[in-house]
Amino acid sequence: MAERLSGETFKEKAFQPGKLTLIDFYSDSCVPCKRMVPVLAKLEEKYGDQIFVGKVNVAYEQELVEEYKVMSAPTLIFLKDGEQIQRLTGAKKAAELEEIIDQNL
């Protein structure tokens with residue numbers, strides 16, 4: 001299950017050297033966000049420790065929302081070595097995310 005991140009744990013977890021990170025900026029009341037839960041679980045199962053999947057609740061982590069200019073939920077941000085390499089908004093299929101992951105591993 002994707003790890004919930006706070007402002008205090010974000011940089012430590014999301015900026016792991018050489019590791020691809022997928023951050024899901026979500027809201028508890030967002031239906032498309034809820035649709036992403038099994039998709040993210042599938043990715044974690046498939047890729048194991050090759051990637052890190054984290055979740056940031058937009059209602060509670062305003063500093064991160066502002067820093068990453070998140071305008072809607074879900075927003076999925078891929079990071080590698082602390083740098084944003086891809087950003088998607090809205091619910092996505094696993095295949096679309098797998099393509100991005102495979103290109104960046």
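With a relative accessibility of 13%, Glu-98 counts as buried, because buried here means under 20%. The model is a predicted one. A search of the whole structure gives four salt bridges, and Glu-98 takes part in one of them, with Lys-46. The peptide bond from Ala-73 to Pro-74 is cis. The largest nonpolar core has 17 residues, and a second, separate core has 14.

**Glu-98 and its partner**

- Glu-98 is part of helix H4, which covers residues 94-104.
- The salt bridge between the side chains of Glu-98 and Lys-46 has an N to O distance of 3.4 Å.
- This pair joins distant parts of the chain, since Lys-46 is in helix H2 and Glu-98 in helix H4, 52 residues apart.
- The two partners fall in separate accessibility classes: Lys-46 is partly exposed at 48% relative accessibility, whereas Glu-98 is buried at 13%.
- Leaving out residues up to four places away in sequence, Glu-98 touches Lys-42, Leu-43, Lys-46 and Tyr-47.

**Other salt bridges**

- Glu-3 pairs with Lys-13, with 3.4 Å between the closest N and O atoms.
- Glu-3 is partly exposed at 31% relative accessibility, and Lys-13 is partly exposed at 24%.
- Lys-11 forms a salt bridge with Glu-67, again with the closest N and O atoms 3.4 Å apart.
- Here the link is between distant parts of the chain, with Lys-11 in helix H1 and Glu-67 in helix H3, 56 residues apart.
- Lys-11 has a relative accessible area of 42% and is partly exposed; Glu-67 also has 42% and is partly exposed.

**Pro-74 and backbone geometry**

- Most residues other than glycine have a negative phi, and most peptide bonds are trans.
- The cis bond from Ala-73 to Pro-74 has omega near -5 degrees.
- Pro-74 is in the loop between helix H3 (62-67) and strand S4 (75-80).
- At 1% relative accessibility, Pro-74 counts as buried.
- Pro-74 and Pro-32 are separated by 42 residues in sequence, but their C-alpha atoms are 6.9 Å apart.
- Beyond residues up to four places away in sequence, the contacts of Pro-74 include Cys-30, Pro-32, Cys-33 and Met-36, as well as Leu-88, Thr-89, Gly-90 and Ala-91.
- Lys-69 lies in the loop between H3 and S4; its phi is near 50 degrees, a positive value in a residue other than glycine.
- Lys-69 is exposed, at 61% relative accessibility.
- Asp-81 is not a glycine either, yet has a positive phi of about 55 degrees; its place is the loop between S4 and strand S5 (83-89).

**Helix H2**

- H2 has 17 residues and spans 25 Å from its first C-alpha to its last, close to the 24 Å expected at 1.5 Å a residue.
- A kink of about 30 degrees is found at Val-37, shortly before the proline Pro-38.
- Just after H2, Gly-48 has a positive phi of about 55 degrees.

**Nonpolar cores**

- In the largest core, the residues that touch the most other members are Leu-22, Leu-43, Ile-51, Phe-78, Leu-97 and Ile-101.
- At least two residues of this core come from each of strand S2 (20-26), helix H2 (31-47), strand S3 (51-57), S4 and H4.
- H2 gives the most to this core, with five residues.
- Apart from neighbours within four places in sequence, Leu-22 is in contact with Leu-40, Leu-43, Phe-52, Val-53, Gly-54, Leu-76, Ile-77 and Phe-78.
- The second core includes Phe-52, Val-65, Tyr-68 and Val-70.

Definitions and conventions. Residues are numbered from 1 along each chain as its sequence is written. This is a predicted model: local features need pLDDT of at least 70, side-chain atom pairs count only at pLDDT 80 or more; totals for chains, interfaces and linings use all residues. Side-chain values use heavy atoms; hydrogens and water are left out. Helices (H or I, at least four residues) and strands (E, at least two) are DSSP runs, numbered from the N terminus. Buried means under 20% relative accessible area, exposed over 50%, partly exposed in between (1.4 Å probe, protein chains only). Contact means heavy atoms within 4.5 Å. A nonpolar core is a set of buried Ala, Val, Leu, Ile, Met, Phe, Trp, Tyr and Cys residues joined through side-chain atoms within 4.5 Å. The expected span of a helix is 1.5 Å times one less than its number of residues. The bend at a residue is the angle between axes fitted to the seven residues ending there and the seven starting there.
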